[in-house]
Amino acid sequence: MINRIRTIRKDKGMTLADLAAACTPPTTPQTVGRLETGMRTLSIDWLNRIAGGLGVAPELLLASEARDAAMVVARLTSEGAEPLPSPREAVEPLAMLGDGAVHVVEVESAVGEYRAGDRLWMRDLPAEERARAINRDVLVPRPGGRFAFGRLIDFSDDNLALLPPGAGQRQIVVQGPPWIALAALLVRAL
């Protein structure tokens, strides 16, 4: 197995000291560095502590040696495709979404800005962060196992108002949903 701590830490913009302080209980930057390089054994306990500090699921910190990692090799700018100074490992979508429940919505037919075959990766949003979701697409559960999806245009303590992505659709009001998932990543096959 390949240890991916350094890749995920750098992708999240964290230093060794940041990650050491984010662990519960906190540890030292030297210990994190030794775990990253394999100079210290990555036990299950350490795996869970480091994953908690990074805000990812523990299984994302390990990768199989049987398959080469996906690499970021270029960036696309207004001038065209430019090579990176040094390629780096691409972080998987789940690692970028952080802790908490993740929901995936599959688009069956084109609606609004979404195309058939798109997959929207949504992550649960804590109640205190609902204001961040204004004017962004969210998924909320409704009674009877149904869901509502659309742009969050208003909310209060008990009600959410969503505008569905299709043209000419009417606003949907959902009362007291147990959770709200914010669209965080769009995966589109070409």
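Biologist: Which residues touch the most other members of the largest nonpolar core?

Modeller: Bear in mind that this is a predicted model. The largest nonpolar core holds 17 residues. Those that touch the most other members are Ile5, Ile8, Leu19, Ile50, Leu54, Val56 and Leu61.

Biologist: Which helix gives the most to this core?

Modeller: Four helices each supply at least two of the core residues: α1 (5-11), α2 (16-22), α3 (29-37) and α4 (44-54). With five residues, the one that gives the most is α4.

Biologist: Let's turn to the strands. How many residues lie between β3 and β4 in their hairpin?

Modeller: Strand β3 covers residues 71-77 and strand β4 covers residues 80-89. They run antiparallel and are joined by six bridges, with threonine 77 standing opposite glycine 80 of β4. Between the strands of this hairpin, the number of residues is two.

Biologist: Is leucine 84 buried or exposed?

Modeller: You can find leucine 84 in strand β4. Residues under 20% relative accessible area count as buried. Leucine 84 has a value of 14%, so it is buried.

Biologist: Which residues does leucine 84 touch, not counting those up to four places away in sequence?

Modeller: One to look for is valine 72, twelve residues from leucine 84 in sequence and 7.9 Å from it in space, C-alpha to C-alpha. With residues up to four places away in sequence not counted, leucine 84 touches Val72, Val73, Ala74 and Arg75.

Biologist: Now for the whole chain: how far apart do the centres of the positive and negative side chains lie?

Modeller: The protein chain has five helices and eleven strands, and its C-alpha trace spans about 60 × 45 × 30 Å along its principal axes. It carries 22 positive and 23 negative side chains. The centres of these two sets are separated by 1 Å.

Biologist: What percentage of the residues count as buried?

Modeller: The protein chain exposes about 11,600 Å², of which carbon and sulfur atoms supply 52%. Of its 190 residues, the share that count as buried is 34%.

Definitions and conventions
Residues are numbered from 1 along each chain as its sequence is written. This is a predicted model: local features need pLDDT of at least 70, side-chain atom pairs count only at pLDDT 80 or more; totals for chains, interfaces and linings use all residues. Side-chain values use heavy atoms; hydrogens and water are left out. Two strands pair if DSSP finds at least two bridges between them. A nonpolar core is a set of buried Ala, Val, Leu, Ile, Met, Phe, Trp, Tyr and Cys residues joined through side-chain atoms within 4.5 Å. Buried means under 20% relative accessible area, exposed over 50%, partly exposed in between (1.4 Å probe, protein chains only). Accessible areas come from the Shrake-Rupley method with a 1.4 Å probe; for residues, only the protein chains shown count as cover. Lys and Arg count as positive and Asp and Glu as negative; His and the chain ends are not counted. The place of a charge is taken as NZ of Lys, CZ of Arg, CG of Asp or CD of Glu. Contact means heavy atoms within 4.5 Å.
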